[in-house]
Structure formats: C-alpha cells, structure tokens
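Hi,

Here is the structure I said I would pass on.

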Amino acid sequence: MKLKVKTNINNYSIIIGKNLCSKIYKIILNERIYSQKFLLVYDSKVPAQMIKSIISRFNKDIIEKKKIVFNEKSKNLKTVSSIVKILEKNNFSRNDSLISVGGGICGDVCGFASSIFKRGLNFINVPTTLLSQVDSAIGGKTGINSLSGKNMIGSFYQPSLVISDINFLKSLPKREIICGYAEILKHSLIKDKIFFKFLKKNFIKILSHNHKILEKTIYKSCLIKKDIVEKDEKEKNIRKVLNLGHTFAHAYEATVGYNKGLNHGEAVLLGIMSAVEFSRKKNILKKNDFAQINDHLRKLNYDSLYKYLKVKDISKIIFYMKQDKKNKDNKINLILLKSIGKPILNKSFRENNIRSFLKTLLYR
Ligand SMILES: NC(=O)c1ccc[n+]([C@@H]2O[C@H](COP(=O)([O-])OP(=O)(O)OC[C@H]3O[C@@H](n4cnc5c(N)ncnc54)[C@H](O)[C@@H]3O)[C@@H](O)[C@H]2O)c1
C-alpha cells in the first residue's frame, strides 16, 4: 500500500506492507533517492536479523551504521551530536541519506539531526513501532527533550520517504502496541466516526497482529494524519487537532518523570481519556458519544493507569500544562471533542478550572 504526502517543501511516499526490510534499498532507488552514502541509525531493541536483512542489500562501502539505546532520557542533544559526528567524519553531503530504523524517539532524533546537518540531508524513516508507523513518522515534526520539557527543541523537517514494515511489530511488546493504538483511536475521534466503529469491532484483531486488519488500520490512520498535515504543515491552525489529549498526556509524563511505569503512549491514552471526560463535564461532548468512547476505553483497561498520578501531583501537572506550546496567555489551551469526528480547537481554561477537574479524576 502506498500513500503520497504533498507538502510545501517536497512530496514523499509512505509505503506500508509486510516483508519490506530486504527491499528497502530497492524501494529507495525506486523513489529516486540517489545517495552516495547512507548512515543507518537504529534502535537497540529492533531485532538484529531485521537490521541484517536491511543492510545486506546495500554495498558495504556506502553504508555506515550506529546502534543507539533510545529512550526519553537519551532523546537529547548529546545523542544528536553523536549522530552528527559520524556524518561529519564521513563527509556526508546534502544528497546523502540518514536512515532511522526505530520507534518515535529514534525517528524524532534522526529527523532533527537530518534537519540541522548542512541545513538538511535526506531523511528516510523506517518506523518500527505501531505508534511511529501510524503517527510520528508522518508530518515532519522532529524534536528532542530539554530542561523545559518534552520536544522543546526541534524543527519541521519532512522525510524523503517512509517505509513501514508491519513485520517489525511482531517483536513489539503488547504494551507498546496499545500505545500505538491510542494514536489510531485519536485519529478516529478527531476525523472519522466510521473508522471509530471499525476500531471498536476490530481492536482485538489489531492488538493480536492480524495482518490484513493491521495493514488496513495503519493505512487509514496515516491517511487521516496526511490529510491534516497537508492542510496545515506548520500547525498554525487545523493541525492542532492532532494534539487531542496531548496537553494532559505530556504533563502526566513529565510529572511522573518519564518513569517507565507510564510510557508516552500510555500517557496519551490517559490524556485522551482526560480530554474526553473534560469535554463531557463542560457539556461540549454529546452524552451518547461520550458513552461509546468511554465504553471502548474501558475495554482497553487503561483507567488503571491513573494510579501513577495522585491529587498531590496536581500543581506539578498544572505547571507542565502551562508550558504547552499551544498556550498564548496564562490560560491552558485544550483540544476538546464535540462529537466523534468533530474536535474543537482553541478552547482556553483558567488553571483553577483544570485543577478542580483533576481533583475529581485522580486518586487521593
Ligand atoms: N514527531 C511526531 O509527530 C511525534 C508524534 C507522536 C509521538 N512522537 C514521539 O514519539 C515518541 C514515542 O514513540 P514510540 O512509542 O515509538 O516510542 P519509542 O521510540 O520509545 O519505542 C518504544 C519502545 O519500543 C522499542 N522498540 C522499537 N522498535 C521495536 C521493535 N520492532 N521491537 C521491539 N522493541 C522495539 C524501543 O526501544 C522502546 O523501548 C515520543 O518521544 C513522542 O514524543 C513524535
């Protein structure tokens, strides 16, 4: 399956399928990316035989490789600098390519490194988690974490090509599959009630790696994100809807201290739940739609994750919510939901409003 993303800077393909690893070099050439050199940066948890299978098709002289242990703590300038050093040492040019093989963290770091090296070399993204295949690999946001929070340093930099091989997902822990599912669910909630119904019917098949359903789901999810990104590449307006639940989620993650107990995707699931509940409490979201979403979220059994956050953490959560890049004044800006498929942008609330809401949500 193939999708074409059209942006102001370039057009690029997203190729989705199984057994693509050994064909990556061929796909790159088919997409008319003619580099003399490639640097393959890969996540240490991607199975070694998959990396071998990618590399075996490249002539040895044209490919450098670097394995990195990626996590939110290593999503930083030091890691970017270690990648840039290899590019410099091997005299890479702008026509050469950096290939990222890993999850959202690997992609965000490599995308950022690509955007700053000689003001931009080709970036080829090979996402290996469900979350990165349905979300982070599309749209050109790159970023690293800093003292002031998550993804605070970054750039908009479109890839030259995205190759999503669903075989990578076989080694992915179930917990990470659910994290990707959270973003898929978000896409259905902001854009497509029919897709939401499809997910309700098929979510067990998706979580248990049914090839056909999984491929269709990844394709549909990418299509929704692609349409939004094409309309508003730099997130001036409509693209903000992709942040449904993320203002809560980023604050939850930061409050827990990027603790493994609550990873990014799980925080997103909680964030979506919070945004949906807040939309209902403010009488914005229709009762019946709320019931349908709530019912589905409970089947995913994730409300138990609230145990990581307590009422005593509320001030910290509010502190991080106020750091959100969408805020323009002292208020907290949220993306909310009117009905399934119909989000609302730019709703701002006073801190006290959110504080009282969180008191009703979190454990003592
Ligand atoms: N750029 C964007 O638009 C965008 C959008 C959403 C999220 N993000 C970012 O993406 C990150 C989250 O991405 P993620 O959920 O992919 O996390 P991740 O990159 O941390 O990957 C999750 C875990 O899976 C492991 N892993 C990766 N591929 C594997 C495989 N094939 N088999 C086994 N294990 C594997 C990783 O080592 C890690 O432990 C966050 O930092 C978030 O900020 C970016």
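**What I found**

Let me begin with I272: not counting residues up to four places away in sequence, I272 touches A182, L185, K186, L244 and G245. By touching or contact I mean C-beta atoms, placed from the backbone, within 7 Å.

Two housekeeping points. This is a predicted model, so local features need pLDDT of at least 70 and side-chain atom pairs count only at pLDDT 80 or more, while totals for chains, interfaces and linings use all residues. Residues are numbered from 1 along each chain as its sequence is written.

Back to I272, which sits in the largest nonpolar core. That core has 96 residues, and Y252, I272 and A275 touch the most other members. Helix 10 provides the largest share of this core, 9 residues. The core takes at least three residues from each of domain 1 (2-171) and domain 2 (194-361). For the terms: a nonpolar core is a set of buried Ala, Val, Leu, Ile, Met, Phe, Trp, Tyr and Cys residues joined through C-beta atoms within 7 Å. Buried means 20 or more other C-beta atoms within 10 Å of a residue's own, exposed means 12 or fewer, and partly exposed is in between, with C-beta atoms placed from the backbone. Helices (H or I, at least four residues) and strands (E, at least two) are DSSP runs numbered from the N terminus, and the domain bounds come from an automatic or database domain assignment.

How do the two domains meet? Their centres, taken over C-alpha atoms, are 26 Å apart. In contact are 26 residues of domain 1 and 22 residues of domain 2. On the domain 1 side, strand 1 (2-6), strand 2 (11-17), helix 5 and strand 8 each supply at least two residues, and helix 5 gives the most, with 4. That side of domain 1 has 10 nonpolar, 9 polar and 7 charged residues. The classes are Ala, Val, Leu, Ile, Met, Phe, Trp, Tyr, Cys and Pro as nonpolar, Asp, Glu, Lys and Arg as charged, and the others, Gly among them, as polar.

A hairpin links strand 7 to strand 8 through 2 residues, and T142 has S155 in strand 8 as its bridge partner.

There is another antiparallel pair: strand 10 and strand 11 (residues 342-349), over 6 bridges. L334 has K347 in strand 11 as its bridge partner. The hairpin has 2 residues between the strands, and G341 takes a positive phi near 95 degrees there. Strand 10 (residues 332-339) is mostly covered, with 6 of its 8 residues buried.

Last, L297, in helix 11 (residues 287-299). L297 is partly exposed because 19 other C-beta atoms lie within 10 Å. Not counting residues up to four places away in sequence, L297 touches M273 and Y302.

Cheers

Technical notes. Two strands pair if DSSP finds at least two bridges between them.
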